[in-house]
Amino acid sequence: MGRTFNRTLVEVVEGDITKIEVDAIVNAANSKLRGGGGVDGAIHRAGGPSILDECKKHDGCPTGESIATTAGDLPARYVIHTVGPVWYGGDRAEADMLASCYFSSLARAVDRGCKSVSFPSISTGVYRYPFDDASRVALSSIRDFCARDTSIERILLVAYGAKDAGRYSEILEEFE
Ligand code: ADP
């Protein structure tokens with residue numbers, strides 16, 4: 001499933017984000033930037049120790065912000081680590097912080113001259129953000145970004161499993 005936001009192609013794909021070749025892979029990291037479970041663990045395992053070595057140069061990362069490192073052995077030039085919000089029910093600015101993750105990561109990708117970026121579904125694993133709500137926040141933030149900046153050609157929304165991929169595609173169809 002794909003759609004064009006302004007001049008950027010936005011596609012939902014199913015699979016393991018560590019296997020997909022792009023200029024920048026976004027990681028759903030935690031604020032300590034020292035690795036973890038879920039997609040964070042998969043990225044550090046597949047990319048090797050150089051990613052953690054570079055993360056250690058940073059004193060963590062606040063929620064909603066992002067930092068870029070080498071992608072190590074991954075098929076990408078950079079990993080952009082962003083820290084999603086933990087879901088507490090929706091009254092603690094979770095949507096604003098999640099939108100900011102997408103916006104900040106794309107801005108960092110542009111700074112580094114990237115043309116293609118892949119995102120996991122930030123915060124929808126251990127951080128418990130409801131998947132459909134998170135997908136809508138992700139897509140509106142990406143659409144806002146693409147309205148202002150046309151330098152990224154392709155954005156891949158990587159869903160882990162057929163069920164998530166199906167939902168994400170349906171939600172993408174709701175967007176114009
Ligand atoms: P968070 O702490 O931000 O919730 P998680 O890693 O627990 O981060 O989950 C975020 C999303 O990443 C979930 O939807 C999960 O299914 C997905 N995910 C886990 N492993 C991978 C992977 N290898 N590739 C793509 N997505 C993944």
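1. The largest pocket has a volume of about 620 Å³. A pocket here is an open set of points on a 1 Å grid over the protein atoms alone, where a 1.4 Å probe fits, with protein on both sides within 12 Å along at least five of seven lines. The volume is the space filled by probe spheres set on the points.

2. The model is predicted: local features need pLDDT of at least 70 and side-chain atom pairs pLDDT 80 or more, while totals for chains, interfaces and linings use all residues. Residues are numbered from 1 along each chain, and side-chain values use heavy atoms, without hydrogens and water.

3. The pocket lining (residues with an atom within 4 Å of a point) has 25 residues, with A28, G38, V39, D40 and G125 nearest the centre of the pocket. Helix α1 gives the largest share of this lining, four residues.

4. The ligand sits in the largest pocket, meaning that more than half of its atoms lie within 2 Å of the pocket's grid points. Around the ligand are 14 residues, the closest being V39, S123, T124, G125 and V126; each has a heavy atom within 4 Å of the ligand. Helix α1 (residues 38-47) contributes three residues to this shell, the most of any element.

5. Polar contacts (pairs of N or O atoms within 3.5 Å) include one between a polar side-chain atom of D16 and a ligand nitrogen, at 3.0 Å. Ligand oxygen atoms lie 2.7 Å from a side-chain N or O atom of T124 and 3.0 Å from a polar backbone atom of Y127.

Conventions. A polar contact is a pair of N or O atoms within 3.5 Å; within protein, one must be able to donate a hydrogen and the other to accept it, and residues adjacent in sequence count only if both atoms are side-chain atoms. Helices (H or I, at least four residues) and strands (E, at least two) are DSSP runs, numbered from the N terminus.
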